[in-house]
Amino acid sequence: MLHTLSDYRLPKDLEGTILADIMQAKIHELIGARNKWPAVAIKNALEHASDVRSLKKALLRRTPAVIAEIKRASPSAGLLRRDFDPLGIAREYEEAGAAAISVVTEASYFRGSLEILAGIRWNSGIPLLRKDFIIDPYQILEARHANADAVLLITALLEPAVLQNLRAETEAYGMEALVEVHSERELETALAAGATLIGVNNRNLRSFEVSLEVSMRIAPLLPKEVVAVAESGIHTADDIHRLADAGYRGFLVGEQLMRAKSTAEALKALLFHERPRRAS
């Protein structure tokens, strides 16, 4: 667990990036939260948490399986939606056929919160993924208390032993960990940590540039027993078809939906577009 700011070390190759600023804000936020509400108090309140829904099973039940994301803003794109109604958006996502919902809970740069996630849980029957910069077991407790069903763990931010411990901690509370990778080396680390639900992020954490070729390059290296999710840069049904052909079972889509006039219609366009016929 973190006790002082010096306990966490951002990888050297991420120093000087926007992630360095995000993580500094996250650590301040985390230490403040722990002082306000100790872990033991959260554990005592978990008896009131709702049952966990399996993200992995939800992804395997649908084809294609879209994890539709709720986020108000991002450092690279700024404000994504002025008429931000997370409960209404979640309802539209579920009715339009989303397999699960990703809720960005980072406050300083993405303008999210755990309160948004908790509110959505009482109005949604599909799995909820807490998407945040998780580096400490306290955040796993927070996620379970807010009734998340899964959490995102970013391999690039964590030492291998910490990644393994956080994954085990997540599963100890009945949730699942979507372990995010951005390179072949990170995939090796994630698999060694026991990850069976892996997200391949097409967004470079250093430059924030996006390319689907990241997912395409890593796809052949994904073991068959892993449920793989392609993240970021997905704009069309053809993108989903291409990624599905490469072996991905889930598709996390955020900005494409959040910028749309109708989130429901935008999601339906991704889900129900007929696959192009192959030339005979």
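## A buried phenylalanine

Phenylalanine 208 is buried, with a relative accessible area of 17%. It counts as buried because the cut-off is under 20% relative accessible area. Keep in mind as you look around that this is a predicted model.

You can find phenylalanine 208 in the loop between strand E8 (197-201) and helix H9 (213-218). Its backbone deserves a look too: although phenylalanine 208 is not a glycine, its phi is positive, at about 70°. For background, most residues other than glycine have a negative phi.

## Another positive phi

Arginine 111 also has a positive phi, near 60°, and is a residue other than glycine. Look for arginine 111 in the loop between E4 and helix H5 (114-121). With a relative accessible area of 42%, arginine 111 is partly exposed.

## A cis peptide bond

Now move to the loop between helix H3 (55-61) and strand E1 (65-70), where proline 64 sits. The peptide bond leading from threonine 63 to proline 64 is cis, and its omega is near -10°. In general, most peptide bonds are trans.

## The barrel

Next, trace the strands. Eight of them form a closed barrel with parallel pairing, in the order E1-E4-E5-E6-E7-E8-E9-E10. From one strand to the next, the twist averages 25°.

Strands of a sheet pair through backbone hydrogen bonds.

Conventions. Residues are numbered from 1 along each chain as its sequence is written. This is a predicted model: local features need pLDDT of at least 70, side-chain atom pairs count only at pLDDT 80 or more; totals for chains, interfaces and linings use all residues. Side-chain values use heavy atoms; hydrogens and water are left out. Two strands pair if DSSP finds at least two bridges between them. Helices (H or I, at least four residues) and strands (E, at least two) are DSSP runs, numbered from the N terminus. Axes are lines fitted to C-alpha atoms, for helices over the stretch in contact, and angles run from 0 to 180 degrees between N-to-C directions. Buried means under 20% relative accessible area, exposed over 50%, partly exposed in between (1.4 Å probe, protein chains only).
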